[in-house]
Amino acid sequence: VSHQIDSFNEFVDNYIPSIIRKNMPFITGIGAKNFGPDNAHYQVEYILDIVNFTCVKPTQVVDGVITNLYPNECRLRSCSYSAKTYITLLQKTVDYSDPNIPDGKVTEEEPIQIFFFKLPIMLRSKYCHLYGLSPDQLNELGEDRYEPGGYFIINGGERVIVSQERITDNQFLVWDKSKAQKHLVSGEIKSVKHIKLLRYLM
């Protein structure tokens with residue numbers, strides 16, 4: 001299951017932040033868009049950027065106190081083993097109305113960290129409380145000594161992502177000759193009609 005755990009770590013460490021970076025910063029403004037360098041800016045622009053993404057290990061609140069949430073508790077209580085993620089927002093305003101300041105007057109606010117979403121955590125990943133524990137330590141937490149991980153706990157049930165391998169649609173694939181074949185090469189194509197999804201506005 002190491003490839004599944006490595007894939008999850010890669011997803012949280014790099015893939016989610018890369019999606020955020022591709023869609024940031026968000027820029028809006030007021031006034032005509034003919035100010036600033038190359039006349040390509042609004043008179044006053046508001047820029048919102050996400051400069052950091054973090055994921056913490058699963059926690060819970062018990063009698064007003066934040067404590068660690070472990071997988072076996074989720075199994076017994078029929079809850080999900082998930083963690084909170086946070087983003088750091090950077091907000092600034094750029095005023096291009098003064099011709100004496102061609103690059104605009106920048107007003108930047110203090111960065112703030114806010115809650116983003118809850119993410120199901122894969123067992124034995126680096127964001128799991130079981131990460132790096134010895135067999136004896138796993139036993140103390142109610143887990144199997146040889147718990148492999150690589151799955152999730154959703155509403156108390158263990159769920160695994162099943163990898164599937166299938167032939168690519170509408171691509172011609174060629175194989176070399178095998179002992180059972182009389183031809184030099186063989187090919188195969190799975191022809192599938194493309195379905196265009198239409199949205200009707202009422």
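Here is a friendly conversation about a predicted model and some of its local features.

Trainee: Which pLDDT do local features need in this predicted model?
Mentor: Residues are numbered from 1 along each chain as its sequence is written, and side-chain values use heavy atoms, with hydrogens and water left out. Totals for chains, interfaces and linings use all residues, side-chain atom pairs count only at pLDDT 80 or more, and local features need pLDDT of at least 70.

Trainee: How much space lies in the largest pocket?
Mentor: On a 1 Å grid over the protein atoms alone, a pocket is an open set of points where a 1.4 Å probe fits, with protein on both sides within 12 Å along at least five of seven lines. Points are joined across faces, edges and corners, and a volume is the space filled by probe spheres set on them. For the largest pocket, that space is about 200 Å³.

Trainee: Which residues that line the largest pocket are the closest to its centre?
Mentor: A lining residue has an atom within 4 Å of a point. The largest pocket has 14 of them. The closest to the centre are T59, Q60, V61, K84 and K118.

Trainee: Which strand gives the largest share of the lining of the largest pocket?
Mentor: Strands are DSSP runs of E with at least two residues, and helices are runs of H or I with at least four, numbered from the N terminus. Both β3 (59–62) and β5 (82–95) supply at least two lining residues. The largest share, four residues, comes from β5.

Trainee: What kind of aromatic pair do F53 and F116 form?
Mentor: Rings of Phe, Tyr and Trp (its six-membered ring) pair if their centres lie within 6.5 Å; planes under 30 degrees apart count as stacked, over 60 as edge-to-face and the rest as tilted. The structure holds six aromatic pairs. With 6.3 Å centre to centre and 75° between the planes, the pair of F53 and F116 is edge-to-face.

Trainee: How far apart in sequence are the parts that F53 and F117 tie together?
Mentor: The ring centres of F53 and F117 are 6.3 Å apart and their planes are at 25°, so this pair is stacked. F53 lies in strand β2 and F117 in strand β7, so the pair ties together parts whose separation in sequence is 64 residues.

Trainee: Is F53 buried or exposed?
Mentor: Buried means under 20% relative accessible area, exposed over 50%, and partly exposed in between (1.4 Å probe, protein chains only). F116 is partly exposed at 35%, and F117 is partly exposed at 26%. F53 has 13% relative accessibility, so F53 counts as buried.

Trainee: Over which ring does the charged end of K84 sit?
Mentor: A charge sits over a ring if NZ of Lys or CZ of Arg is within 6 Å of the ring centre and within 35 degrees of the ring normal. The charged end of K84 is 6.0 Å from the centre of its ring, which belongs to F115.

Trainee: Which peptide bond is cis?
Mentor: Look at P25, in the loop between α1 (2–22) and β1 (26–30). Omega is near 0° in the cis peptide bond from M24 to P25.

Trainee: What is the phi of D38?
Mentor: D38 lies in the loop between β1 and β2 and is exposed, with a relative accessible area of 76%. Although D38 is not a glycine, its phi is positive, at about 60°.
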